[in-house]
Amino acid sequence: MPANKLTIFLTGGTGYIGGSVLQRLLDHPDHENFDITALVRNAEKAKLLETRFGVKTVLGSLQDLDKLSALTENAHVVIHTADCDDIDAIKAILNGLKKRHEKTGDLPILIHTSGTGEFVDDARGEFVSETFYSDLDIPKIEALPENAPHRPVDLLVVAADTEGYVRSHIIMPSLIYGIASGPLFDASIANPHSIAIPLLVRIALQRGHVGVMGKGITRWGHVHIDDTAHLYIRLLDAILRTPDKVSHGRHGYYFAVHGDYSMRELLEGIAASLFALGRVKTSELVPYTQEELVKYFGSEFLANFFFTNSRCKAERAQLELGWAPKYTHEDFISSLKPEVEILVQKEAAKHS
């Protein structure tokens, strides 16, 4: 570690992924050599981060493009864990990194968060795909349509590396599960829950049934939040220690996946838990009507997205970084009941 502190700028630090990454940065053996700045929307959380955890904060959001660009210009490492589809935000981040390179000669590092939703099909719950993507198979990734989910932002990140003013790395988690933990979560600074499973639980509570589209047999990869956050730290450590051995740019994709589940399996686990709590009328899955898809998911596109296939192999992270995820498929299934119970309690508290 150099004598000067390593400047790190983090987006999404009060979120599920970003909060987990920030917690591990604070727990890192070299944390005293880290100068961490986080962009935070909530003033109360910002104050807690500064006073209790020693994290510098700037109030703002991804829509504050000038602020975002200035913050990235001042950091050697940028870890972007917020909205992976915000093109204006990534352009502002890259603009700041380009300015840094041009002014100082520094070659900054960008760790961008995308997702394996980039590989979805249009199965609508009806079939299981046998197509697998590997993070070592770059031609297959590059053959994706430019308008695939998350792809437009990823292409900008890779192009910036090709131009030579940043070393970019893209982490692509599959469905992340598990309740995040640590002092940041205990202090209610960071969100301990994922997006997908809580949404399915909320919809079931509103509807009175757990829904399904088609046969519900499509398959996705899954990964625990702890294993996901660990991947970010393994990647950062490797970049700082042996950068020439770490892939970047068009080769710098790192999938986060350690297991494969069927959507029906997930939904039946949620249904069994909710039925045991007396919160749904049956443990059976009840098909959505077309009207319900828009009503509960907000759009037909998002509803269809939940019932796609996205199957992946996380080979690069294990090969290059020694990433060894420890949570299994059995852990995924057994995590559903306790998380559903907590989510139900939280939903009840909102309406009490």
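Author: Two strands count as a pair if DSSP finds at least two bridges between them. Keep that in mind as we look at this predicted model.

Reader: Happy to! How many bridges join strand 2 to strand 3?

Author: There are 4, and the two strands run parallel. As one example, Val 40 stands opposite Leu 59 in strand 3. The chain gets from strand 2 to strand 3 through helix 2 (residues 43–53), in a β-α-β crossover that is right-handed.

Reader: What about strand 1 and strand 2: how many bridges join them?

Author: In general, strands of a sheet pair through backbone hydrogen bonds, either parallel or antiparallel. Here, strand 1 (residues 6–11) and strand 2 (residues 34–40) run parallel, joined by 5 bridges. Leu 10 has Ala 38 of strand 2 as its bridge partner, while Phe 9 stands opposite Thr 37.

Reader: In what order do the strands of the whole sheet lie?

Author: The open sheet has 7 strands in the order 3-2-1-4-5-7-11, with parallel pairing. Strand 3 (56–59) and strand 11 (253–256) are the edge strands, each pairing on one side only. From one strand to the next, the twist averages 20°.

Reader: Which strands does helix 1 touch?

Author: Helix 1 (residues 16–27) packs on the sheet against strand 1, strand 2, strand 4 (77–80) and strand 5 (109–113), and its direction makes about 160° with that of strand 2. Helix 4 (residues 87–104) lies across strand 1, strand 4 and strand 5, at about 170° to strand 5.

Reader: Why is strand 2 described as largely enclosed?

Author: Because 6 of its 7 residues are buried, strand 2 is largely enclosed by the rest of the structure.

Note on methods:
Residues numbered from 1 in each chain as written. Predicted model: local features only at pLDDT ≥ 70, side-chain atom pairs only at ≥ 80, totals over all residues. Heavy atoms only, no water. Axes fitted to C-alpha atoms, helices over the stretch in contact; angles between N-to-C directions. Contact = heavy atoms within 4.5 Å. Buried < 20%, exposed > 50% of the residue type's maximum accessible area, 1.4 Å probe, protein only. Right-handed = clockwise from strand over helix to strand, strands pointing away.
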